[in-house]
Amino acid sequence: MEELETGYGLIEGPVWDDERGLIFSDALNGGVRALSPDGAVSTIVPKRRGVGGIVQHADGGLLVGGREIIFQSYDGERQCDVITSDVTDVAIGFNDFTADSKGRLWAGSVAFRVFAGDEIQPGHLHVVDLDGSIRTVSDGILLTNGMGFSPDGKTLYHCDSRACHVRAYDITDDGEVAGYSVLIDQPGLVTDGMAVAEDGSIWVAMANGGNVSVFEADGSHRTDIPVPVPMVTSVCFGGPDLRDLYIVTGSRGGPHENCGGIYKMRVDVPGVPVPLARVALGG
């Protein structure tokens, strides 16, 4: 495992782009950046804080989370809201999200201030359809976090960090939720960001465990990958063959308040590429 970057407060939302490299946020200190294959870091969205999720959009930009999910073009010329906190009566923002093979956006809303010690209030799971319309498809999620689709697109995996588990939703071809079950239960462990591999395995960052845990598609445990710092926040597959595993971390429990970093290691199985979002954009 190679350390590529350090000095960040809380790295979140890693997504791979063949041209720009690893795109990521610093949720505490602000900003969305790209770490190029040659090691240079550039800023795509300056200053924006609270970004837990990032997905690329087919129109040449990013969908970026926070109090709302916005579209930000790579050239900085266009920005518009995609989904705002008035989606429910309790939502105050959005954490992680992903896109399905059709380009629909699946996003989780948060209903309490996570770092302010607020009483937990469950949030929801929403779908933004291709025409920009929004549906709320599930509830009772204590703290929404990482999402990823199975290789065949029929199952959406969804981490609930405060419930310490991973839900598996059955998804129909037209993007409806046909039901869900708790596939992975990890009492006492904070299931954070996640990625899915081509063999169907599910790779989950354990934010209080100092590792990435790998599970089979049936939820059984395969292995753990130890990480040099305790707060492991998310993972994604990258590189030309999607066999570079990128692991990002926060600073909690580390040697100082800005020790969040980016790590990389080669793995035997490629990841499932995250599709581009294709939802209609206003503005």
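**Charged pairs**

Analyst: Let's start with Glu 216, which is partly exposed at 27% relative accessibility. Partly exposed lies between buried (under 20% relative accessible area) and exposed (over 50%), using a 1.4 Å probe and protein chains only. This is a predicted model: local features need pLDDT of at least 70, side-chain atom pairs count only at pLDDT 80 or more, and totals for chains, interfaces and linings use all residues. Residues are numbered from 1 along each chain as its sequence is written, and side-chain values use heavy atoms, leaving out hydrogens and water.

User: Which side chain does Glu 216 meet in a salt bridge?

Analyst: Arg 222, at 2.9 Å, N to O. A salt bridge is a side-chain nitrogen of Lys or Arg within 4 Å of a carboxyl oxygen of Asp or Glu. Arg 222 is partly exposed too, at 34%.

User: Which residues do salt bridges with shared partners join into one network?

Analyst: Asp 241, Arg 243, Asp 244 and Arg 266.

User: How many salt bridges are in the whole structure?

Analyst: The search finds 13.

User: New topic. Arg 135 and Asp 129 meet in a salt bridge. Is Arg 135 buried or exposed?

Analyst: Arg 135 is buried, at 19% relative accessibility. Asp 129 is buried as well, at 15%. Their N to O distance is 2.8 Å.

User: And what about Arg 78?

Analyst: Its side chain forms a salt bridge with Asp 59, 3.8 Å from N to O. Arg 78 is partly exposed at 27%, and Asp 59 is partly exposed at 48%.
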